[in-house]
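I opened the notebook today to look up charged pairs and surface features, one entry at a time. The structure comes first, and my entries follow.

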Amino acid sequence: MTTSLPRPWIRAVASRTVAGSRHGAATRTAADEAPTTGNPLLGERPPPVQHPLDPAARLGPPPPSDRLRGWIVTAVLTLVAGAVRFAGLGYPTDGGTPVFDEKHYVPQAWQMLRNGGVEDNPGYELVVHPPLGKQLIALGEMLFGYDGFGWRAAAALAGTLTVLLVIRVARRLTRSTLLGAIAGVLLICDGLSHVQSRMGMLDAFAAFFVLAAFATLVCDRDDVRARMARVVAEGRIGDTPFGPRLGVRWWRLATGVLLGLGCAVKWSGVYWLAAFAVLAVFWDATARRASGVERPWVGTVRRDLGPALWALALVPVLAYLFSWWGWFRSETAIDRHVVGIDVGTGGPWAFLPDALRSLWYYSGHVLDFHAGLTTAASGMHPWESKPWTWPMGLRPMLYYYASGEGVTGCGGPDCVSAVMLIGTPALWWPALVVLAFALWRTFTRFDWRYGAVLVGYGAGILPWFANIERQMYYFYMAPVAPFLVLATVLLMGEILGPAHAARERRQTGLLVVGLWVGLVVANFLWLWPILVGQPITQDMWNMQLWLPSWRA
């Protein structure tokens, strides 16, 4: 927003605002101090209220003051998440071997321990994901051995840390320790997040890195606005029409590293890389505009775009390449030395190191594999689903099933042990309402929090609509689940009402939110047997399958 107000006025108002916000005091506007001139006549539109330009007041509220309590709540819920994620982690297995897609990644991780960080790759160029997730699985196998607990330990730890992150992110978004705690409870009790955290697969790691990148991006936003507030307070905001240079932004660099590591788990991490990069630049422009910079968008291009390309383009690439350390140092890895054999030594890319050109060639084969992984070419997988079913989790996945004489302990003659990937319905079924409310708040109230959460959610689901012929599965939503939790918590904050609301209003809101959270917890406990493979009777198994689409 352009301002022509005198600099001493800006300095005085900004200094008072920043000082007041640090002490938690509310800032009074000129409208609050203006005398009442009487009510307008019936049917007349009241005159607009004129507020003085106060850039620092629009740069964001201070963080919650209960820091110690916030960390105590975070620690307790993280311990609860760890207990839930690690309980009985080694069960079930397929006769001591991995189950479902664990059969791909768990042996490859074990091969990395023997081969200096690379897979044997008996299928030749059929390793279809980058190495980082399998390296993390290998760490668990190295510490605990080649068994169910060993190959799932790293994923369980990632799932536990994701709960910690969602608590801190929700608290920062809402400025409420209570809502942060509710976010932790909801993610603990999400069936999809729970099951993926107990599988030797890659998606728990992808969820962790994506949410961690979102957390550091939000921290960068707060840090930028705090820096801009200081510039406003010092009266330097009008020194140039483009606003100040902001120096090194460590939180944004951390975001770039985490996004690169997310891509090093699965290439789908690039969707969040692109989305968060756009979001970061947009936040830079709105921070400059809120600060009273004369030309905020041009200032963003001149001051922020170059550093953003470094932090959110080059740094992620470097982090991604670092995950290939084992492949680079190997002499026997697949396609490691194709330059001069399958790849010519000349051409426009000859200036690149042979190792990078070999990796590019290898990645091209992997991309061809993914491009050909369609329903028409490979057939319909029994548990395949399309992205329009994902928001409500209408088509879950059966990871493990056993029955008959080999399964006992259910108290009946015919027992079933099953692990099913199901998003807790009390959390997932209201998703369309939650997302619709988030869209409404984003485009009618311009509430950045809802917009940010929608960006994180949309980056995980919208790109899959581009090629619906491809084979797709519900576990792709594992990195999206934390954003569903955050959107739900933001809505719950609206239901609770503001802290200064009437006592009856707050109590009613607390009752509604409490019932909703309690329903999610109860629903999770009901589903517990088929989330962990606990033996149950056939009748109980049938009672767990609520929808026809939950059956094979």
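I looked up lysine 134 and glutamate 119 in this predicted model and found that both residues are buried. The two form a salt bridge, with their closest N and O atoms 2.9 Å apart. Because lysine 134 lies in helix α5 and glutamate 119 in the loop between α4 and α5, I noted that the pair ties together parts that are 15 residues apart in sequence.

I then turned to other salt bridges, of which the structure holds 20. Aspartate 66 and arginine 69 meet through their side chains at 2.7 Å, N to O; aspartate 66 is buried at 18% relative accessible area, whereas arginine 69 is exposed at 54%. For arginine 236 and glutamate 234 I recorded a salt bridge of 2.8 Å between the closest N and O atoms, with arginine 236 partly exposed at 37% and glutamate 234 partly exposed at 45%. I also noted a network of salt bridges that links Asp220, Arg249, Arg252, Asp284, Arg288 and Asp304.

Next I checked lysine 386, which sits in the loop between α16 (375–378) and β1 (397–403). Lysine 386 has a relative accessible area of 16%, and so counts as buried, the cut-off being under 20%. Its side chain makes a polar contact of 3.0 Å with that of glutamate 384, and, beyond neighbours within four places in sequence, lysine 386 touches Thr375, Ile468, Glu469, Arg470 and Met472.

Last, I looked up a nonpolar surface patch of about 510 Å², made by Leu113, Leu139, Met142, Leu143 and Phe144. Helix α5 (residues 132–144) gives the most to this patch, with four residues, while leucine 113 belongs to helix α4 (residues 102–114) and is partly exposed at 36%.

Note on methods:
Residues are numbered from 1 along each chain as its sequence is written. This is a predicted model: local features need pLDDT of at least 70, side-chain atom pairs count only at pLDDT 80 or more; totals for chains, interfaces and linings use all residues. Side-chain values use heavy atoms; hydrogens and water are left out. Helices (H or I, at least four residues) and strands (E, at least two) are DSSP runs, numbered from the N terminus. Buried means under 20% relative accessible area, exposed over 50%, partly exposed in between (1.4 Å probe, protein chains only). A polar contact is a pair of N or O atoms within 3.5 Å; within protein, one must be able to donate a hydrogen and the other to accept it, and residues adjacent in sequence count only if both atoms are side-chain atoms. Contact means heavy atoms within 4.5 Å. Patches are made of residues with over 30% relative accessible area and no salt bridge: like charges are joined within 9 Å, nonpolar side chains (Val, Leu, Ile, Met, Phe, Trp, Tyr) within 5 Å. Accessible areas come from the Shrake-Rupley method with a 1.4 Å probe; for residues, only the protein chains shown count as cover. A salt bridge is a side-chain nitrogen of Lys or Arg within 4 Å of a carboxyl oxygen of Asp or Glu.
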